[in-house]
Amino acid sequence: MAAFRDRIQHLKAEYAEVAPRYRAVAKLVRQQAEAAVMDAQIKALYEHRAKDEDSFVKKMFRKNYTSTDQVTDLAGVRIIVPSSPDSENVCSIMDTAFQVASREDKSEGLGAAMMGYRGTHFLVGCPSEDESLRGLQCEIQVRTRAEHLWSAYSHELFYKSTASLPMRTQRAFNRLAAMIEIFDEEVTRTMHYLEELPKGDDLALVRLLTGLFRQAGESAFDPEMTQESVRVLQPILTAEPNADAEMQHIRIQQFFEQKKAKVTSVFQREHQDYGNPVVIQPESILVWFLLEEYLHTLEHEWDEQLDRELLEDLAIAWGSRLPEFS
Amino acid sequence: MDLGLLTVERFIFQEVPRQNPQVQLTPTEHETEGDDALKYHIRTKIVDSLNRRRLEIIFSPDRPTATKDVVHSLLTGDGQDLILPSQELQRNLYTLQNGRISPGLLVVVLTRNEAAPGVALIKAEADEGVSLRPDETEHGRRYTVQHIKQLMFTEKTKLYKIGYFEATGDEAKPIVAYHADFQLGSSRAGIGADYFLGSFLGCKPAVDPAQITAQTWNTSVTYFNTIPDPETKVQYLLDLQSEMISNTPRFTVDDFARTHLRPEHRDDFRRSFDTTDVDPASSFVKDPSRIRSKLRRARMEFRSGLSLVGDQESFDAYVTQSVDDNGTPQTIITDRLQSVGGV
């Protein structure tokens, strides 16, 4: 008994020594993954952690490991995306962004007849130049929101092996798992429909702006405010003869690429306590584009339908001129 | 000039009272310790003012002032000492404070626009106002009112006079500078009497007023001639003539567009200046000396080869543009023929 307790203490002490390094690895891998995914304009949620001490000890016992190195998920990052195509894209990004030691697609283990968790897990090397972190590995899990939900439920509810459950419970389990798969497929189908909408549609512009907004490092915004502003401002883009919406979207994207550093800095500044939170909206990027390209039309349309003071705030934040309001 | 990432770093206030031999000028000995919120507020006021009414300026070789040296030292020096330079500026401005010039405060602000150091010199006048605070008493709500005599930089008031100088790092043009003035009257005399720009800053407009006025005229008229509707074309020309000869000392392309042009023409008009030296957003001091003859008289040329020449008042009184029932444009002259002759 004493030897057992000694071993626990020994493992705890051993882990306490390495845990800070794994925390650093997890944080670093998350940052690099987040930057790569953001560049591809994919909206995702991120989690990172170093394994907690109790889990480490239990795993060492459960798996009969003799060395810390045998535990491959001491550092972990989770990337949760809206849809299956997003998940596939993020997996491709991980393949190139990191040195991948192994990749496991959990759906492959399920076969055709089984339902269940279908995320993809990578084991990657730490990208740091830091000598103390070199050689350490991190697990990256890529999953859809539905898979994430399923994973959380299955951990809480189905702690037993499904094979040992009564037939009726097994069938219920399979129905639930199938719903998750169907849900993911319906999300994919709906997103495909949205992408096929004509570019002149407000929604296409909202999607473009929110994508750019995320690239500027932002996520939280008021969607109703965005929709209302886009409804008023979208017609400006196509008012000019020979100006089609698709071409204008490309111009907005080019404008953003050129001014990305400035956009990011302005958002960061307005995040401060004294800043103007109303500026931190996706449509601000459109307003700044219009201030530079269609100043007068913007001003005219805005004054007809929106609050003048908001336009002044946006112009001051961007450092643009607005003809004096008299 | 892009002011989007301008930040305020340090600032100091110096009192500039009316000249009075009985009273000694009191210099401020310490910089104001402003928190980030206050610096953000002052940044907002500077950007807003310069964006609304900016005139590009340069130091005038004809009017050397100590301001030039102080600005140079603040932009190129180590920036450690703001107090002594601001006191020197205070003394300079004080010597110009005659009886007609309102007392106020000189605010010397060190800024940074991305990497570029800048200096803003602001002559501001304090406003009066009240602050209201509701107090809930046992007898109900009561407002406590406090009268504030030194109210500055409010949301609704604009800085009165500002000179902004920014180091460019370019040897050919080491400093770019702008001036904005919210007290400048509408009379042409106002520009001559602009003690702040000329006597204090020692500056003058960066571009030759006669040249930029002529360039603006020519670019505008070229644009007007691209408009198919003759009535609109003529109206715009007459409006431009009126603006060019009005008593307002400064002209801004954007303001003209906003005041006189139909919304669908404004941005095209603005873009027509892309290939010129005229910044549609900046003011310039009008000098119509090179286009004087064009301002007195307007000329209409028709496809038939006929021409109509006259002064602006006559066009307004006797010439109308319209479209007949078939959509054909018509120019109607309502007048009595006085004489004819061969040309």
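Predicted model: local features only at pLDDT ≥ 70, side-chain atom pairs only at ≥ 80, totals over all residues.
Q: How many residues of chain B are in contact with chain A?
A: Contact here means that heavy atoms lie within 4.5 Å. On the side of chain A, 32 residues take part, and the number on the side of chain B is 30.

Q: About how much area do chain B and chain A bury between them?
A: The size of an interface is often given as the accessible area lost when the parts come together. Of the area buried between chain B and chain A, 45% is on carbon and sulfur atoms. In chain B, the residues that lose the most area to chain A are B:Tyr40, B:Arg52 and B:Arg258, which together account for 27% of what that side buries. The area buried between the two chains is about 2500 Å².

Q: Which residue of chain A forms a salt bridge with B:Arg258?
A: The count between chain B and chain A is three salt bridges. In the one that involves B:Arg258, the closest N and O atoms are 2.6 Å apart, and the partner is A:Glu299.

Q: Which helix gives the most to the side of chain B that touches chain A?
A: Between chain B and chain A, twelve residue pairs are in polar contact, counting pairs with both residues at pLDDT 80 or more. On the side of chain B that touches chain A, at least two residues come from each of helix H1 (36-52), helix H8 (253-260) and helix H9 (263-271) of chain B. With nine residues, the one that gives the most is H1(B).

Q: Which strands of chain B give two or more residues to the nonpolar patch?
A: The patch lies on the surface and is formed by B:Val130, B:Leu132, B:Tyr143 and B:Val145, with about 410 Å² of accessible area together. The elements that give two or more residues to this patch are strand E5 (127-137) and strand E6 (140-151) of chain B.

Q: Which residue meets A:Asp73 in a salt bridge?
A: Over all chains, the count comes to 35 salt bridges. A:Asp73 lies in the loop between helix H2 (53-62) and strand E2 (75-81) of chain A, and its partner, 24 residues apart from it, is in strand E1 (residues 45-50) of chain A. The N to O distance is 3.9 Å, and the partner is A:Arg49.

Technical notes
Residues numbered from 1 in each chain as written. Chains lettered and ligands numbered in written order. Heavy atoms only, no water. Buried area = accessible area lost by both parts, 1.4 Å probe. Salt bridge = Lys/Arg side-chain N within 4 Å of Asp/Glu carboxyl O. Polar contact = N/O pair within 3.5 Å; in protein donor to acceptor, adjacent residues only side chain to side chain. Helix = DSSP H or I, 4+ residues; strand = E, 2+ residues; numbered from the N terminus. Patch = residues over 30% accessible without salt bridge, like charges linked within 9 Å, V, L, I, M, F, W, Y side chains within 5 Å. Areas by Shrake-Rupley, 256 points an atom, 1.4 Å probe, with all protein chains shown as cover.
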